Amino acid sequence: MKHQMSRGEFIRLSSLTLAGALVSDIVSANDFFSNNNTAKEDIQLMKKLILNNDAKVKSILNRAPIDPTMRVSNFRPIASSIAIMSASISNSGSEYYKSKLVADKLNQAIDVLLKEQYPDGTLDAGGNMQSPPDTAFILENICPAATVLNLEKQKDLEPLRNKLKKFIINAGEAMVTGGVHTPNHRWVICAALANINSLYPDARYVRRIDQWLAEGIYINEDGDYSERSGVYSAVIDKALITMARLLNKPELLEIVTKNLTTYYYHTETNGDIVTVNSKRQDQFMNLTIVKFYSAYRYMAIHTNNPMFAHMVNLIENLPSFTNEVLSDSLVFFMENSELRKQIPVVGKVENDFEKFFAVSNLARIRRGKTSVTLFGGNDKPIIVVSGRSSNPNFLMYRKGDSILKYMRLSTSFFRLGYFSSDGIVKEGNKYILKETKEGDYYQPLTPEFYKANGDYKLSESPDGRFWNKMDFDSRTKSNVKKQVTVIEVTENNGSLSIDFKVDGPPNVEVTIEMCFNEGSNIAGAVKDEKKNYFLKSGLGTLTTGVDTIQFGPGKCEHLNIENLDSEEYTYHQGTLRTSGDHVYITGFTPFHHKMTIS
């Protein structure tokens with residue numbers, strides 16, 4: 001669905017629920033702006049922020065100066081260092097308050113940005129030349145730095161403030177006129193414009209924001225933005241909060257609430273987040289929820305939502321919290337006084353839930369220390385490119401520290417690769433995943449398509465396996481073979497019963513692949529010379545610490561576990577195999593196998 005931003009829409013948005021199941025989780029519009037102006041500052045958190053920010057300043061001061069003869073291609077670390085140093089030099093609680101040494105380093109850093117900034121206001125970013133959106137990401141740090149430096153207006157820093165103003169105003173021209181690549185870029189640019197406008201007001205900035213917002217902000221019934229990405233959901237949430245705060249657009253926060261609610265259900269108890277459904281590069285990455293910290297904190301304070309308060313507590317106790325938040329966030333807390341407030345509500349959540357996100361075809365189940373993820377929402381046809389979902393992992397399972405990173409199924413049927421379900425059908429506590437694959441042969445051309453020189457159109461085969469100068473569109477398919485795979489997963493208090501059926505041509509190799517977290521103790525399976533495990537019969541176990549996952553029974557009718565990927569990967573000597581301990585169950589079609597995971 002798309003939302004056009006208006007006050008009237010905000011009232012309408014307050015009635016929305018997340019896939020019809022989360023109405024109790026979302027704070028109503030009437031309660032939304034319980035702006036606790038009298039709330040006390042979180043003094044302990046601010047002390048930690050100052051202490052860790054100063055530690056980062058110390059490391060920055062110890063770095064060698066940037067070599068002026070070398071061209072810079074990544075400006076984000078420089079922008080981050082400017083924000084970090086600006087926070088300490090402007091904070092009376094910092095050991096670097098009014099430090100001349102820090103001022104000199106700040107001038108060096110901003111001089112690099114000014115030197116590399118193009119006349120149109122942009123910077124390069126890797127392969128993105130003169131990039132407006134990448135420049136907007138730089139402004140995420142530079143504008144708050146300018147804001148905090150303006151808080152005291154230290155006289156000795158006036159030349160530095162003027163340099164920052166010059167860079168920001170120049171970049172503002174790129175934000176007013178520049179284009180984007182991806183959906184999230186629109187809102188990053190809008191947030192940059194909102195920040196610039198708060199510093200140096202100009203009606204053009206607001207008009208450009210309104211032009212982008214007129215396209216509508218996509219968020220579906222599941223609470224996902226169009227990219228379904230953890231990386232970019234955090235980016236968008238931050239951008240929308242910035243616009244809501246600086247442009248008086250509270251209706252944007254209802255969208256943020258919906259996305260943050262979804263990411264609670266996408267988060268494991270150790271802070272890992274589900275990425276299998278992403279349409280971007282993070283669909284094959286391991287991520288934690290830490291990048292959502294400022295959004296959860298702001299919204300917890302703003303809405304008194306116990307779920308969001310719980311997520312703040314979870315993130316603050318993650319091992320990465322110090323390096324990824326405390327070491328570089330002081331500037332944002334100084335710029336935005338709302339973040340400095342104590343959270344007015346105790347974190348409280350359910351630890352037993354089953355949520356089916358029907359648009360994304362993603363199921364999330366938690367039963368105490370056990371969690372299950374099922375996914376059947378790849379974009380079809382499978383194309384390996386940014387912006388499309390292509391991850392073949394259809395089942396993930398955790399019990400405490402023991403982790404089944406993924407389960408996949410592949411067959412040798414025309415080397416079409418891994419099973420990729422055409423959605424998920426939910427029947428009670430049963431989830432049904434199904435896919436039909438087709439492999440074709442092709443008849444001779446009819447006379448009207450003959451070419452004496454045999455030079456036919458380079459085209460893709462209808463089954464998507466290859467390209468050739470065969471003019472496939474003009475040929476009749478024959479000897480068509482179909483393979484139907486059905487996987488039924490039934491959940492009962494955290495235990496899974498899985499029923500596999502693969503039907504079609506006989507004697508097709510079938511391989512069930514399970515990848516467990518590294519360093520686990522696997523028992524009941526046989527290890528080969530390449531350190532792969534085969535569960536030939538009976539039950540296997542995976543133990544990490546005190547937690548054990550039991551799986552099986554096994555089956556082993558072949559040992560061929562090469563080329564499980566489609567030719568789209570193997571033709572380029574690529575593979576989707578990841579690190580971890582791999583256990584295989586194998587057979588031939590017609591294939592019918594039942595197993596449990598508990």
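Biologist: Which residues of α12 are buried?
Modeller: The buried residues of α12 are Tyr293, Ala295, Tyr296, Arg297, Tyr298, Met299, Ala300, Ile301, His302 and Thr303. Buried means under 20% relative accessible area, exposed over 50%, and partly exposed in between, with a 1.4 Å probe and protein chains only.

Biologist: What kind of model is this, and how is it numbered?
Modeller: This is a predicted model, with residues numbered from 1 along each chain as its sequence is written. Local features need pLDDT of at least 70, side-chain atom pairs count only at pLDDT 80 or more, totals for chains, interfaces and linings use all residues, and side-chain values use heavy atoms, with hydrogens and water left out.

Biologist: Back to α12. Why is it largely enclosed?
Modeller: Ten of the eleven residues of α12 (residues 293–303) are buried, so the rest of the structure largely encloses this helix. Helices (H or I, at least four residues) and strands (E, at least two) are DSSP runs, numbered from the N terminus.

Biologist: What comes just after α12?
Modeller: Asn304, with a positive phi of about 60°.

Biologist: What does Asp237 touch, beyond its neighbours within four places in sequence?
Modeller: Tyr225, Val256, Asn259, Leu260, Phe292 and Ala295. Contact means heavy atoms within 4.5 Å. Ala295 is also one of the buried residues of α12.

Biologist: Where is Asp237, and is it buried or exposed?
Modeller: Asp237 lies in helix α10 (residues 230–247). It counts as buried, at 0% relative accessibility. Its C-alpha is 8.5 Å from that of Leu253, 16 residues apart along the chain.

Biologist: New topic. How do α3 and α5 cross?
Modeller: The axes of α3 (residues 43–61) and α5 (residues 100–116) come within 11 Å and cross at roughly 65°. Axes are lines fitted to C-alpha atoms, for helices over the stretch in contact, and angles run from 0 to 180 degrees between N-to-C directions.

Biologist: Which residues make the contact?
Modeller: Val57, Ile60 and Leu61 from α3, and Leu101, Val102 and Lys105 from α5.

Biologist: Now the sheet. What is the strand order?
Modeller: Eight strands form an open sheet, β10-β11-β14-β15-β23-β21-β20-β17, with antiparallel pairing. Two strands pair if DSSP finds at least two bridges between them. The edge strands are β10 (424–427) and β17 (521–523), each pairing on one side only. The twist averages 15° from one strand to the next.

Biologist: How many bridges link β14 and β15?
Modeller: Nine, between β14 (residues 477–492) and β15 (residues 495–503), in the antiparallel sense. Glu491 stands opposite Leu496 in β15.

Biologist: What about β8, which strands does it pair with?
Modeller: β7 (residues 370–375) pairs with β8 over five antiparallel bridges, and Thr370 stands opposite Lys399 in β8. β8 also pairs with β9 (residues 402–411), antiparallel, over four bridges. There, Leu395 has Met407 in β9 as its bridge partner.

Biologist: What is in the β8 and β9 turn?
Modeller: The two strands form a hairpin with two residues between them, and Gly400 in the turn has a positive phi of about 60°.

Biologist: Why is β8 largely enclosed?
Modeller: Four of the five residues of β8 (residues 395–399) are buried, so the rest of the structure largely encloses this strand.
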